[in-house]
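Reader: I would like to learn how to read interfaces, both inside a chain and across chains. Can we work through a case together?

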Amino acid sequence: MRKKLNYKRMEGLQGYVFILPWIVGFIAFTAGPLIFSFAASFTNYNITSQMDFIGFKNYENLFTADNLFWTSLYNTLYYVLFSIPLTTAGAIFLSALLNQDVPGIRFFRTIYYLPAVLSGVGVYLLWMQLLDPGTGLVNTALGWFGIPGPNWLFDPDWTKPALIFMKMWSVGGGMLLYLASMQGVSKSLYEAAKIDGASSWQQFRFITIPMITPVIFFDIVTSLIGGFQIFQEAYVMSNGEGGPVNSMLFYNLYMWKKAFESFDMGYAMAMSWILFIIVFLITIINLKLAPRWVHYEGEER
Amino acid sequence: MFRKKLMPLFFVLLLILSGCAGFKTGDSKSADSGDKVVIDFWSFWGSEIRRPVIDKIVADFNESQDKIEVKHTFVPWGDIWTKELAAIAAKNPPDVVINDINATALRGQKNQAMNLSRFLEKDDISDRFYEELWNATLYEGDSYGIPFNTDTRILFYNKTAFKEAGLDPEKPPATWEELWEYAEKLDVKNGDTYDRIGFYPLWGVNSDVWMLNSDGKNFFDEDGVPIIDTEANRETLEWVMDWHEKYGANTINSYKSQIDSQQGNPFFNGKLAMYVNTPTFYTQIRDYAPDLDFGVAMLPEREPGSGNTSWGGGFVAEIPQGSKHPEEAWEFIKHLTDVEAQEYWAVKNFDNVANIKAAENAAKNSEMPDKDKVVYQMAIDNMENTLLTPVPVHAPDFMNLVNPELDSILLGKKSIEQGLKDAQQSLEKLIEKSK
C-alpha cells in the first residue's frame with residue numbers, strides 16, 4: 001500500500017519536474033506581466049516617470065473620446081470577419097484537391113505548402129511589390145483580362161481586401177492540417193457511400209466535412225485569436241503609419257503606437273485588456289457552439 | 001535502450017547551450033578593461049557605408065585618452081528605441097544612444113533621457129549647432145540630447161531638360177507660380193501618357209512640407225495651440241490638388257512606384273525634370289546616374305517674400321536616464337559632436353551634420369569632388385530656411401489624426417475645407433483630453 005502511494009507521488013513529482021520550465025516561464029513571463037498590466041491599466045503609467053492611479057479614466061477615454069480606438073476596432077473586425085471564413089474555406093478546398101490520387105501530387109503539395117514556410121517581413125515586402133498599382137504583377141495579370149486593377153495599398157477601400165488576398169496565398173499552413181485529417185478518414189465509409197450511389201459532392205459534404213470538423217474547429221478558434229492580433233502585416237506594409245485614411249490601423253498597431261510612440265503605456269494596457277475580453281468572449285461562444293457541429297469519431301449524437 | 005541513453009545526453013546538451021547564452025550576455029556587460037570605464041554606445045548605423053565611419057570615430061575617441069573605452073553596439077533601426085526604453089525600465093540602459101531629434105523634448109518630459117544642463121553649465125557647447133536644431137532638444141529650457149546630424153529638403157532639377165524646354169538652366173523656379181510654368185514647359189506628352197513630367201509636389205515629400213513652406217508655420221503655434229485650419233494651408237492644398245488633376249491619379253501612381261523602387265527613379269533617366277528630396281538623394285544620383293546634368297535649388301516660395309521655408313529632421317546623442325557613467329558618456333558625446341568627428345562623418349557619408357563649423361569645413365574638404373561640394377553647399381545654405389517640427393509633448397501622436405484627413409482630401413473623399421476643419425477639431429480635442 002505504502003509503496004503504491006509513494007510511486008504515485010513520485011510520478012506526480014516527476015511530472016511537475018518535467019513541466020517545471022514551463023511553470024517557471026509561465027509565472028515569470030506570462031502571469032506576472034499579465035497581473036501587472038491589469039493593475040497598470042488603471043494608472044497613467046509611462047514606464048519612466050509616472051504611475052498614478054487614475055481609476056477607469058483610460059477605459060472611459062477609450063470608449064468616449066477616442067475615435068481611433070473605434071477605427072482600429074472596426075478595421076480588425078472587418079479583417080477577422082472576412083479573412084477567417086475565406087482562409088478556412090480556402091484551406092479545406094485546397095486540401096480536398098490535394099487529397100486526390102493523381103501523379104505528381106507530392107510535388108503540388110510541396111508547392112502549395114511553400115508560402116506557409118516563407119513567412120514574415122520578406123513576404124510582406126514581396127507582396128508590396130506584387131500589389132503595386134502601376135508595375136505590380138497582380139494588376140498586370142488583371143490587365144490581361146481587361147480588368148483595371150485597384151490601387152490596392154493606396155486606396156483605403158482596398159487595403160484590407162489586399163491583406164486578406166495576401167493571407168489567402170498562404171492557406172497552405174492550414175491545408176496541411178486538413179490534409180492529414182482527411183487522410184485519416186476511413187476508406188470504408190466512402191466505399192459504403194459509393195455502393196449506396198452517393199455522388200462525390202455528397203461524399204464530401206456528408207462524410208469528409210463531418211469527419212474533419214474537429215480540425216475545422218481547432219483551426220477556426222486559433223485563427224480567430226490570431227486574426228484579432230494582426231500587427232506585422234499592417235506595421236510593415238504601411239511603414240508603421242496605418243495606411244491611407246487609417247484603413248490599416250489595426251487594433252494592435254494602434255496599441256503599439258500608443259505604447260511606444262506616445263509612451264502612454266497605461267492606456268495601451270487598458271486597450272490590451274479590452275481586446276483580451278473580446279477574444280475571450282468569442283472563444284467561449286465558440287466552445288459553447290462546438291457540440292452542435294463538431295463530431296468526434298465514435299461519439300453519439 | 002538507445003533512446004534511454006540519448007535522453008540524458010540531450011538534456012545535458014540543452015543545459016550547456018542555455019548556459020552558453022547566459023554566459024555570453026553576462027560577459028559583455030561586465031567586461032572591464034583595466035582601470036578604464038567602459039561605456040555602451042547604441043546606434044542604428046550598421047550599413048557597410050556608415051558602420052566603418054562611426055567605428056572609426058569611436059576608435060579615435062578611445063585612442064585619444066586612457067580613461068574611457070566606448071563600446072559601439074549596432075541595434076537595428078526597427079528595434080533600437082523600444083529596446084532602449086526596455087533597458088531604461090530595467091534600470092540597465094546603455095550610456096549613449098542615437099535617437100530622433102523631434103521627440104527629444106518628449107523623452108525629457110517622460111524622464112527617459114537625462115537632463116544635460118549640469119554638463120552644459122560647465123562647458124556650454126550649444127553654439128556649435130544650428131539654432132533650430134538646438135531648440136528642438138529643449139524641454140522647459142533644458143537640453144535632453146545633443147544634435148548629431150540633420151537633413152533638409154531641396155529642389156533637384158535636370159539642366160538638360162531645362163535647355164531642351166528653352167529654360168535657363170542656371171535659373172531654377174523661385175515661386176510656386178514659376179514652378180507651374182516651368183513644369184508646363186517641361187512636360188512632354190505622348191498621347192495619354194507622359195514621356196517627361198515637369199514636376200509633382202508629392203513625390204519625395206508630403207503635403208505637410210508644402211504647408212510649412214507656404215507660411216513658415218507648423219501645425220502648432222508657440223503655445224501649443226493647433227493652427228492647421230488656416231488660409232495658407234487651404235491654398236496650399238488647393239495648389240497640390242491642381243497638380244493632382246494636371247497629371248491624373250494613374251500617371252502619379254505609376255511614377256510613384258518607380259520612385260519607390262529607387263534605381264528606377266524617373267529623375268535619373270530624365271523622365272522627371274524636377275524633384276524635391278534631401279541633399280543625400282545626391283548619393284543616389286552619383287550611384288545610379290553619374291552622367292546626369294542637374295542643379296540644386298531651395299524650395300520655391302509660395303509668393304515673392306513668403307520665404308523658402310523647408311523642413312528637416314535629424315538625430316541626437318542622448319544619455320538615457322539611469323546610465324551608470326553619465327560623466328564619461330558626456331565626454332564621448334562632446335567628441336561625437338565636435339568638429340573633427342562631424343566633418344569626418346559629413347565627408348565620408350555625404351550627410352548633413354549638426355555642427356556648423358564641421359559642415360562648412362566639409363563643403364571645402366579636398367576629399368569631396370566639386371559636384372558633391374555644390375550640393376553640400378546648398379544643403380548648408382538651406383539650413384537657414386529649414387524648420388523642424390518637434391512633436392508637442394501633449395499630443396505626440398497628433399499625425400495619426402492629421403494624416404487620414406490629408407489622405408481623404410487627396411483622394412477626393414473630403415473637401416479641403418471640411419478636411420482641414422475636421423483635422424483642427426480633432427487636434428483640439430486631443431490636446432484637451434491629454435491636459
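Reader: Which residue forms a salt bridge with Arg286(B)?

Author: First, note that this is a predicted model. For a salt bridge, look for a side-chain nitrogen of Lys or Arg within 4 Å of a carboxyl oxygen of Asp or Glu. Here the partner of Arg286(B) is Asp372(B), with the closest N and O atoms 2.9 Å apart. The count between domain 1 and domain 2 of chain B is one salt bridge.

Reader: Into which domains is chain B divided?

Author: Check the bounds before reading a domain interface. Domain 1 of chain B covers 35–151 + 313–388, and domain 2 covers 154–312 + 394–434. Their C-alpha centres lie 30 Å apart.

Reader: How many residues of domain 1 of chain B are in contact with domain 2 of chain B?

Author: Count each side separately. In chain B, 19 residues of domain 1 touch 21 residues of domain 2. Then look at area: the two domains of chain B bury about 1,800 Å² between them, with 65% of it on carbon and sulfur atoms. Polar detail comes next. Six residue pairs are in polar contact across this interface of domain 1 and domain 2 of chain B, both residues at pLDDT 80 or more. On the domain 1 side, α16 (370–382) and β15 (386–388) of chain B each give two or more residues.

Reader: Now the chain interface. What area is buried between chain B and chain A?

Author: The area is about 2,400 Å², and carbon and sulfur atoms give 58% of it. Lys110(B), Asn400(B) and Lys433(B) supply 24% of what chain B buries against chain A, more than any other three residues. As for contacts, 26 residues of chain B meet 33 residues of chain A.

Reader: How many salt bridges are there between chain B and chain A?

Author: Two. In one of them, Lys413(B) pairs with Asp157(A), the closest N and O atoms being 3.1 Å apart. Ten residue pairs between chain B and chain A are in polar contact, both residues at pLDDT 80 or more.

Reader: Which element gives the most to the side of chain B that touches chain A?

Author: That is α17(B), with six residues. Finish with the classes: this side of chain B divides into nine nonpolar, ten polar and seven charged residues.

Notes. Residues numbered from 1 in each chain as written. Chains lettered and ligands numbered in written order. Predicted model: local features only at pLDDT ≥ 70, side-chain atom pairs only at ≥ 80, totals over all residues. Heavy atoms only, no water. Contact = heavy atoms within 4.5 Å. Buried area = accessible area lost by both parts, 1.4 Å probe. Polar contact = N/O pair within 3.5 Å; in protein donor to acceptor, adjacent residues only side chain to side chain. Helix = DSSP H or I, 4+ residues; strand = E, 2+ residues; numbered from the N terminus. Nonpolar A, V, L, I, M, F, W, Y, C, P; charged D, E, K, R; others polar. Domains from an automatic or database assignment.
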